[in-house]
Structure formats: C-alpha cells, structure tokens
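This report goes through selected features of the structure shown below.

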Amino acid sequence: MDELLLEVTQASFSYGKEEPIFQNVDLTLKKGEILTILGPNGAGKSTLLSCISGFHKVSHGILRIGGQDLYKTAPKQLARQIGFVPQNQIKTYEFSVREYIAMGRAPYLRFGQSPSKADYQMVDEVMEQMNLLPLAEKSYTKLSGGECQQVLIARVLVQQPQIIMLDEPVNHLDYGNQLKILRLLKQLSARSFGIILTSHMPDHALLLEGTIGIMDREGNFTLGTAKTLLHEEQLQTLYGEKICRTYVEQAKREACIPYPL
Amino acid sequence: MQKKKGVLGVLILLCLILFCAGMCCGRFQITFGELAAVLASRFIDIPVTWSQNVDNVVWAVRLPRLGGAFFVGASLALSGTVYQGIFQNPLVSPDLLGVSAGACVGASLAILNGWPGTVIQILALAGGLVAVALTNVIPHLFRNKSNLMLVLAGIIVSGFFTSAQGLLKYLADPDTQLALITFWTMGSLAKVSASDVLMIMPGMLVCMGILICLRWRINLLAIGEVEAHSLGVNITALRGICIVCATVLTASSICIAGSVGWIGLVIPHLGRLLVGSDNKRLVPVSIFLGASFLMLIDTFARNLSGTEVPLSILTGFIGAPAFLGLLLRQKREI
C-alpha cells in the first residue's frame with residue numbers, strides 16, 4: 001500500500017511571461033491515498049491538475065509518475081496510469097452511457113481499432129458494480145448531476161489507471177449526491193487507487209480523511225494534514241471567513257463549521 | 001435512446017433500389033430486365049437482344065452518372081459527419097466551414113486556365129485545405145472555441161472565397177467559360193464521364209477507408225480536447241488526418257459535380273436520428289444515406305423537366321426545410 005505513484009517537485013506554471021498561476025508545488029501520492037486540494041476560485045487548482053494530466057506542461061519543476069518523467073511518458077502509457085475527470089464536460093452529442101463509458105478503453109486500443117466484445121464486457125461489469133446498468137442506453141446529456149459524475153468515474157475505471165484525478169467532482173451536486181460521490185471516492189481509495197481531487201469545502205477533506213493540499217490566492221502550495229493545515233488562522237486567510245475545526249460528538253468525527261453569520 | 005438494428009442493411013438495399021431506378025428512368029426508358037441483361041453481358045455470355053443505344057445509355061451515360069452520384073453523395077455526407085464530430089459542433093458542414101467555397105475557387109482557377117483534370121483536383125484540394133485551416137485558426141485568435149465562433153469563422157472564410165469566386169466569374173469569358181463555371185457552382189452531374197469518376201475514385205476510396213477505420217476515434221474528439229487528451233489520444237494527429245481526409249472527399253466531389261449544398265449538413269443529422277450519435281454506427285449510415293439521397297436527387301434533376309435542374313437547387317429546396325424539421329424535432333438549444 002505504500003507504493004509511490006506520483007511525485008511533483010518544485011513545479012510552477014505560467015502562461016508565457018505572465019505571473020505564475022502556481023509555484024513551488026511539492027507533492028507526492030501513494031497507493032490508496034486521497035489528496036484533497038483546497039483553495040479559493042482562480043487559485044490555480046485546475047491548472048495544477050491539468051499539468052499533472054499532461055495537458056499543460058509545467059514551466060519549471062519535475063513530475064514523476066511511477067518513477068518516470070511524466071512528460072516523457074507516451075500519451076497512451078500516461079492514460080493507463082492517470083484517469084482524469086475534468087470539471088466541465090462538452091456534451092454536444094447524445095452518446096449513450098454505455099458508449100460513453102466505453103471511451104475509457106481508448107488507451108488500450110490501436111489507432112484504427114474500436115472496443116471489442118471483451119472491452120464492452122468490462123464496461124458492463126463496471127456499470128453493474130456501480131449500479132449504472134439501468135442507465136446504459138440513456139443519453140449522457142440527459143443525466144442528472146449525480147448520475148453524470150458516476151458515469152464519468154465509471155469511464156475512468158474502465159481506463160484501469162492507478163491514479164484518479166477529479167476537478168471539483170461534487171460541485172453543483174445536491175447534498176445527498178455530494179456525500180454519495182465522496183463515499184465512492186473513499187471506497188476507491190480502499191481499492192488502492194491514488195486519488196487527487198479539488199474542492200471548495202474544507203469539510204470534504206475531513207470526511208475523506210486523507211492528505212490535504214492548500215493553494216492560496218498567490219498560487220503557493222502547502223501540503224499537510226487536517227491537524228497541521230485546517231486551523232482557524234489558515235481557514236481565515238484562505239476563505240476570509242471565521243471557520244473552526246471541531247470534534248462533533250454525535251457524528252464522531254472532526255468537522256469544519258463556520259461561525260454564526 | 002433505442003438501438004435500431006438493421007438500419008444499415010435497409011439503407012444498402014435502398015441504395016441498390018435507387019441505383020436500379022436511376023438506371024432505368026430517363027428520357028430513354030429501360031426495363032429492369034434489359035438493365036440486368038446489359039449489365040451482366042459484360043461478364044457472362046448472353047445473346048444480345050437490345051439495341052446498341054441501350055448499351056450506350058447504360059454503360060456510357062447512366063452508370064458513370066449514378067456512380068458519380070453515389071460517390072459524391074457518400075463523400076459529402078461522410079465529410080459532414082466527420083467535421084461535425086471533430087469540431088464538436090453539429091452546425092458545421094463542408095459549406096459552412098468554407099471548404100466548398102475554397103475548393104470551388106481552386107477548381108475554377110484551374111478551369112479558367114484550361115488546366116487538365118488532375119490539376120483541377122489538386123487545386124480544389126489545396127483551396128479546400130486553405131479554407132478549413134483559416135476557419136480553424138480564427139477561433140484561436142479570439143481564444144474562444146464556442147460553436148458560434150467557429151460558425152462565424154466559417155462565414156468569414158466562405159464570404160472571402162465566394163468573393164474570390166465572383167472575381168473569377170467576372171474575369172471569365174462570358175461566351176464560353178462563364179456559363180460553365182456558373183452552372184458548375186450550382187452543382188451538376190450532367191457532364192460526368194466514366195473517366196472523371198475513375199479519376200477521383202482512388203483518393204475517395206482511400207480517404208473513406210481511413211475514416212471508416214477511425215470512426216470510433218472520432219467519438220473521442222467529439223467529447224472535448226481535455227478528455228480526449230486524458231484518454232491518451234494524439235489529438236493533433238487524429239484531427240489532422242480526419243480534416244485532410246474529409247477535405248479530400250469534399251474537394252474530389254466538387255471536382256466532378258461542382259458544389260452541391262446541404263448534404264453535408266443535413267444527412268449527418270438525419271443519420272443521428274436513425275442510429276444515435278456513436279460515430280461507429282453513424283459513419284456507415286451517413287455514407288449510404290448520402291449516396292441514396294444524391295442518387296434520388298440526381299434522378300429527379302434529369303427527369304423533372306426537359307432540361308437539367310442544377311443539383312444545389314433541389315438539395316436546397318429539400319435540405320433547408322428538412323434541416324428545419326430536424327432541428328425542431330431535436331429541440332436543440334443553440
């Protein structure tokens with residue numbers, strides 16, 4: 001369980017000669033670890049994920065995946081190691097859920113190949129595990145927010161990566177679905193996937209019980225745990241509001257709660 | 001979304017029926033029996049019971065013409081499907097992206113100079129590629145890749161090339177070349193010969209083959225760049241190959257039939273209505289749907305009145321209302 005999946009050293013990124021979006025990012029991710037990245041809007045969380053997915057290239061620093069330089073890894077090879085759920089989906093065409101999930105098999109197919117029966121079998125298995133079979137023929141443009149997020153995660157699962165990255169996976173979901181997706185992520189980490197997600201809610205980081213990364217408005221990144229990072233002072237600078245971390249007896253867990261308005 | 005099986009089979013059958021109907025109909029009526037016999041006579045020994053005229057009409061006139069209609073219809077529909085997929089935009093087509101106008105300018109230039117067929121083909125292809133490249137670049141300038149921006153870019157590029165086309169018409173000799181170019185920009189298969197069809201067929205078949213092989217991958221481009229990249233897709237290479245193949249198909253069609261509008265826009269939408277958005281099923285369906293449509297239109301074009309009706313007039317009269325109907329049916333938010 002202790003295997004190192006990802007190692008980011010002194011990474012920074014800027015568009016051309018503009019101010020850096022983020023700088024001096026150091027982080028590691030082990031098997032079964034959940035890293036929740038918190039930070040205000042526009043801090044550069046999404047750009048960081050985009051760099052780790054290989055879509056953007058960091059301006060400085062080294063990214064290693066499975067010990068190899070991430071940017072020297074062949075795209076297909078990289079796609080077999082990192083699955084990415086971006087924040088916004090382009091939903092132009094009405095692909096069925098099954099067709100959409102099958103696209104996750106792309107890194108295992110040659111240039112002119114389409115998914116085989118075996119690939120679709122794997123798609124069906126994953127859909128069964130996640131109770132998505134009733135949606136199989138539904139158009140993915142017509143899914144609810146929670147269903148859509150599950151379908152995206154299913155697509156990433158048939159990709160069979162070691163790392164799953166999700167950009168604000170519970171944003172825009174109703175409260176019940178937020179918890180449902182977080183529980184799913186927790187279960188996936190128990191299956192030894194390394195998980196990186198971004199979130200606006202410090203409480204989500206506590207619920208997921210993993211490592212925490214904070215990216216501030218200037219794009220500086222700090223890695224730590226709930227104990228070291230989620231204290232009142234830090235939360236005040238991060239969100240400009242008074243928020244406390246406290247043990248809630250009834251729920252038997254620590255929670256981040258704002259003070260009365 | 002229901003899976004409708006057997007759609008492709010029905011369309012192939014429809015293609016065959018329309019082919020036979022097109023071969024039989026015309027000012028010179030031929031019965032189906034005669035047609036079968038004339039076609040078979042080149043391969044097996046059967047006693048000749050028909051006049052030489054029938055043989056001529058079948059082999060030298062109608063077969064090249066229907067062959068041309070088949071390939072042009074299939075190519076335009078296929079390239080429209082591919083463009084719509086890779087640009088993630090169901091509102092584009094060879095016409096709207098400026099490819100048709102660009103190819104027309106290239107081809108007209110060659111016609112005006114009296115250059116041979118291969119040069120017409122090469123210039124049409126070059127014109128088409130320049131146009132699609134320009135259309136592709138404009139949204140990048142604005143860092144805005146919305147559907148609307150791409151359509152606007154297409155309008156700008158189309159507008160420019162249409163003016164260039166106008167200039168070429170203005171310079172053309174009104175007695176000989178002008179009528180030829182004008183008639184040709186409205187689309188016609190009237191002057192298609194067997195050698196024309198044979199000239200464009202290899203390129204078309206190769207490009208169709210490539211696109212058929214890549215049809216599932218077009219889905220990956222259709223769900224967006226970030227996602228395609230995260231799935232290990234070499235976006236630049238895949239999109240490049242698709243654009244070149246689709247442009248070769250459009251330009252080759254324009255070389256023999258002039259510019260025939262609407263097919264590349266309407267047929268992919270109709271196909272999606274029949275089999276859904278998965279390009280794995282949509283691509284073959286579009287090919288046969290486009291081929292059937294143009295064979296039907298061309299048969300009308302030469303039978304409706306004493307003279308030939310240009311194809312674009314008919315495809316526009318049918319395509320525009322059909323497109324409106326499809327949009328209403330899909331209730332797309334645009």
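## The antiparallel sheet of chain A

In this predicted model, chain A has an open sheet of 4 strands, ordered E2-E1-E4-E5, with antiparallel pairing. Strand E2 (22–30) and strand E5 (68–69) of chain A are at the edges with a single partner strand each, so one side of each has no neighbour in the sheet.

Strand E1 (residues 4–13) of chain A is joined to E2(A) by 6 bridges in the antiparallel sense. Within this pairing, Leu4(A) has Lys30(A) in E2(A) as its bridge partner. Strand E1 of chain A also contains Gln10(A). The phi angle of Gln10(A) is near 50 degrees, which is a positive value in a residue other than glycine. Gln10(A) has 12 other C-beta atoms within 10 Å and is therefore exposed, since 12 or fewer is the cut-off for that class.

## The parallel strands E6, E7 and E8

Strand E6 (residues 82–85) of chain A runs parallel to E7(A), and 4 bridges join them. In this pair, Val85(A) is opposite Leu166(A) of E7(A). E7(A) also pairs with strand E8 (residues 194–199) of chain A, in the parallel sense and over 4 bridges. Here Met165(A) is opposite Ile196(A) of E8(A). From E7(A) the chain passes through H6(A) to E8(A), a β-α-β crossover that is right-handed.

Strand E7 (residues 163–166) of chain A is covered on both faces. Ile163(A) and Met165(A) are buried on one side, and Ile164(A) and Leu166(A) are buried on the other. Beyond its neighbours within four places in sequence, Met165(A) is in contact with Leu49(A), Ile52(A), Ser53(A), Ile82(A), Phe84(A), Val85(A) and Ile196(A).

Gln160(A) is in the loop between helix H5 (145–158) and E7 of chain A. Its phi angle is near 50 degrees, again a positive value in a residue other than glycine. Gln160(A) has 16 C-beta neighbours inside 10 Å and so counts as partly exposed.

## Two domains in chain A

Chain A is divided into domain 1 (1–81 + 161–230) and domain 2 (91–159). The C-alpha centres of domain 1 and domain 2 of chain A are 24 Å apart. Their contact takes 12 residues from domain 1 of chain A and 7 residues from domain 2 of chain A.

On the side of domain 1 of chain A that touches domain 2 of chain A, helix H2 (75–79) and helix H6 (175–190) of chain A supply at least two residues each. H6(A) gives the most to this side, with 4 residues. By class, the side of domain 1 of chain A that touches domain 2 of chain A has 7 nonpolar, 2 polar and 3 charged residues.

## The largest nonpolar core

In soluble globular proteins, nonpolar side chains tend to be buried together. The largest nonpolar core here has 167 residues, of which Ile101(A) and Met165(A) touch the most other members. Helix H3 (residues 52–86) of chain B contributes the largest share of this core, 14 residues. Domain 1 (1–81 + 161–230) and domain 2 (91–159) of chain A both give residues to this core, so it lies between them.

## Contact between the chains

The contact between the chains involves 25 residues of chain B and 26 residues of chain A. On the side of chain B that touches chain A, helix H9 (215–222) and helix H10 (225–230) of chain B supply at least two residues each. The residues on this side of chain B divide into 11 nonpolar, 10 polar and 4 charged.

## Leu270 of chain B

Leu270(B) is part of helix H12 (residues 263–275) of chain B. It counts as partly exposed because it has 18 C-beta neighbours inside 10 Å, whereas a buried residue needs 20 or more.

Leaving aside neighbours within four places in sequence, the contacts of Leu270(B) are Leu289(B) and Leu326(B). Leu270(B) and Leu326(B) are 56 residues apart along the chain, while their C-alpha atoms are separated by 7.2 Å.

Terms used:
Residues are numbered from 1 along each chain as its sequence is written. Chains are lettered from A and ligands numbered from 1 in the order in which they are written. This is a predicted model: local features need pLDDT of at least 70, side-chain atom pairs count only at pLDDT 80 or more; totals for chains, interfaces and linings use all residues. A nonpolar core is a set of buried Ala, Val, Leu, Ile, Met, Phe, Trp, Tyr and Cys residues joined through C-beta atoms within 7 Å. Domain bounds come from an automatic or database domain assignment. Two residues are in contact if their C-beta atoms, placed from the backbone, lie within 7 Å. Ala, Val, Leu, Ile, Met, Phe, Trp, Tyr, Cys and Pro count as nonpolar, Asp, Glu, Lys and Arg as charged, and the others, Gly among them, as polar. Two strands pair if DSSP finds at least two bridges between them. A crossover is right-handed if, with the strands pointing away from the viewer, the path from the first strand over the helix to the second runs clockwise.
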